[in-house]
Amino acid sequence: TVDGIHYLVNHSIVTYPNRYTLYELTPQRLKYRAVSISDTEVIALARKKLLDRRNLFRVPGLSPEDLTWEEKTLRLIEGSPEDNQGTLSIQRELDPEEGAGGEL
């Protein structure tokens, strides 16, 4: 969340981290959860390709000579636990013409 705006991550299923996101939307909330594909060999190969410095994934401000390049790249691509699963409350803003009695 930045300045009150929620940004949701939609991982790539065809490149590392090989995840997709499940959403559950109700009038009261949005729940989301990132799920990894089940093929661990594909995930390991995708991770290896991501970190192969010959096929350098470009992270702004980082270079392959940076000792923390790999760690920072993985952190960016994998996201935090909050990036991968959570629940957001939905609050409806009333149209001024509807007044306080507006329905969802």
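Reader: Which residues make up the largest nonpolar core?

Author: Happy to start there! The largest nonpolar core has 8 residues: Tyr16, Ile43, Ala46, Leu50, Leu51, Trp69, Leu74 and Ile77. A nonpolar core is a set of buried Ala, Val, Leu, Ile, Met, Phe, Trp, Tyr and Cys residues joined through side-chain atoms within 4.5 Å. Buried means under 20% relative accessible area, exposed over 50%, and partly exposed in between (1.4 Å probe, protein chains only). In soluble globular proteins, nonpolar side chains tend to be buried together. Helices α1 and α2 each supply at least two residues of this core, and its largest share, 4 residues, comes from α1.

Please keep in mind that this is a predicted model, where local features need pLDDT of at least 70 and side-chain atom pairs count only at pLDDT 80 or more, while totals for chains, interfaces and linings use all residues. Residues are numbered from 1 along each chain as its sequence is written, and side-chain values use heavy atoms, leaving out hydrogens and water.

Reader: How many helices and strands does the protein have?

Author: Helices (H or I, at least four residues) and strands (E, at least two) are DSSP runs, numbered from the N terminus. Here there are 3 helices and 3 strands, in the order β-β-α-α-α-β along the sequence.

Reader: At what angle do the axes of α1 and α2 cross?

Author: Axes are lines fitted to C-alpha atoms, for helices over the stretch in contact, and angles run from 0 to 180 degrees between N-to-C directions. The axes of α1 (residues 40–51) and α2 (residues 69–78) cross at roughly 125° and come within 11 Å. That makes α1 oblique to α2; under 35 degrees counts as roughly parallel, over 145 as roughly antiparallel, 65 to 115 as roughly perpendicular and the rest as oblique.

Reader: Which residues meet between α1 and α2?

Author: Contact means heavy atoms within 4.5 Å. From α1, Arg47, Leu50 and Leu51 meet Trp69, Glu70, Thr73, Leu74, Ile77 and Glu78 of α2.

Reader: Is Thr21 buried or exposed?

Author: Thr21 is buried, since its relative accessible area is 17%. You will find Thr21 in strand β1 (residues 19–25). Beyond its neighbours within four places in sequence, Thr21 touches Val9, Asn10, His11, Tyr32, Arg33 and Ala34.

Reader: And is Glu82 buried or exposed?

Author: Glu82, in helix α3 (residues 81–84), counts as exposed at 55% relative accessibility. Glu82 and Tyr32 lie 50 residues apart in sequence and 9.9 Å apart in space, C-alpha to C-alpha.
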